[in-house]
Amino acid sequence: MMSAPLLRGFPPIVDEHARVLILGSFPSAQSLAVGQYYANPRNAFWPITGELFGFDAAAPYETRLAALRSAGVALWDVLKACRRAGSADSAIEPKSLVPNDFGRLFASHPAITRVYFNGAKAAELYRRLAEADDRVEYRRLPSTSPAHAVRPGVKLAAWREVASIASAAQPGEAGRRNKSAPIASAAQPGEAGRRNKSAPIASAAQPGEAGRRNKSAPIASAAQPGEAGRRNK
């Protein structure tokens, strides 16, 4: 049987003011067709971020991107390229995975101190394929995909942490971070955002686990245990 064609994702939506990076797994077929992040109208990403940052989810795409940039939020996906039949993450061919260059991104945008994974699959792919930056704290949120069905308001409540972190940094403090001054979790101000490759990515719903991450250990359980990495843009 022939392999699916190699698909290539999008460049990051990021500027020098970015403090938070939201990572998906890989754009859906619908997103790739129109060249836009989260183009599936059933995906809750734009309604949720519109609510958090005060813009119309139905506004033109460039207007929505500008609103995220002005809030200090960057967008990207874990995968740069892969082979996949359809849009489901489960259809991605495991041997075809090509991760994005996160080392280069963090080096060129040092004000980014927090990464939020949009769903379990993005977190799993990052854990397997990318190098962790010990200056950055990693958190997993419920997937905005329509495949991950939860009660109304549950996803929005979990995602509110993104807005609180994005707005917390003062403009004059945007770039000051180093290994001797780790970033504390918003939910745990006394916890010094400590993380290394020996501890799992934390769920935003489990602030007490922020920072523990291990490539050999499973990623910390999300707020919705039924979320099995199902995500589709």
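How many helices and strands does the protein chain have? There are six helices and 10 strands, where helices (H or I, at least four residues) and strands (E, at least two) are DSSP runs numbered from the N terminus. The model is a predicted one, so local features need pLDDT of at least 70 and side-chain atom pairs count only at pLDDT 80 or more, while totals for chains, interfaces and linings use all residues. Residues are numbered from 1 along each chain as its sequence is written, and side-chain values use heavy atoms, with hydrogens and water left out.

Of the 233 residues in the protein chain, 51% count as buried; buried here is under 20% relative accessible area, exposed is over 50%, and partly exposed lies in between (1.4 Å probe, protein chains only). As for contacts (heavy atoms within 4.5 Å), those with a separation of 6 or more come 66% from residues 24 or more positions apart.

Now to helix 2. Helix 2 spans residues 45-53 and is mostly covered, with seven of its nine residues buried. The buried set is Phe45, Trp46, Ile48, Thr49, Gly50, Leu52 and Phe53. Their cover includes strand 2 (20-24), helix 3 (61-70), strand 3 (73-77), strand 6 (114-118) and helix 6. Just past the end of helix 2 sits Gly54, with a positive phi of about 75°.

The packing of helix 2 on helix 3 can be spelled out. Their axes come within 11 Å and cross at roughly 50°; axes are lines fitted to C-alpha atoms, for helices over the stretch in contact, and angles run from 0 to 180 degrees between N-to-C directions. That makes helix 2 oblique to helix 3, because angles under 35 degrees count as roughly parallel, over 145 as roughly antiparallel, 65 to 115 as roughly perpendicular and the rest as oblique. The crossing is left-handed, meaning that the near helix is turned anticlockwise from the far one by less than a right angle. On the helix 2 side, Phe45, Trp46, Thr49 and Phe53 do the meeting, and on the helix 3 side Tyr61, Arg64, Leu65 and Leu68.

Two loop residues come next. Tyr38 lies in the loop between helix 1 (29-34) and helix 2, and has a positive phi of about 55° although it is not a glycine. Tyr38 is buried, at a relative accessible area of 2%. Thr144, in the loop between strand 7 (137-141) and helix 6 (154-168), is buried as well, at 1%. Leaving aside neighbours within four places in sequence, Thr144 touches Tyr38, Asn43, Ala44, Phe45, Ile48, Asn118, Lys155 and Trp159. With Asn43 there is a side-chain polar contact of 2.7 Å (a pair of N or O atoms within 3.5 Å; within protein, one must be able to donate a hydrogen and the other to accept it, and residues adjacent in sequence count only if both atoms are side-chain atoms).

Elsewhere, an open sheet of three strands runs in the order 1-4-5 with antiparallel pairing, two strands being paired if DSSP finds at least two bridges between them. Strand 1 and strand 5 stand at the edges with a single partner strand each, so one side of each has no neighbour in the sheet. Strand 1 (residues 6-8) joins strand 4 (residues 79-83) through three bridges, with Leu7 partnered by Cys82. Strand 4 pairs with strand 5 (residues 98-99) over two bridges, and there Ala81 is partnered by Val98.
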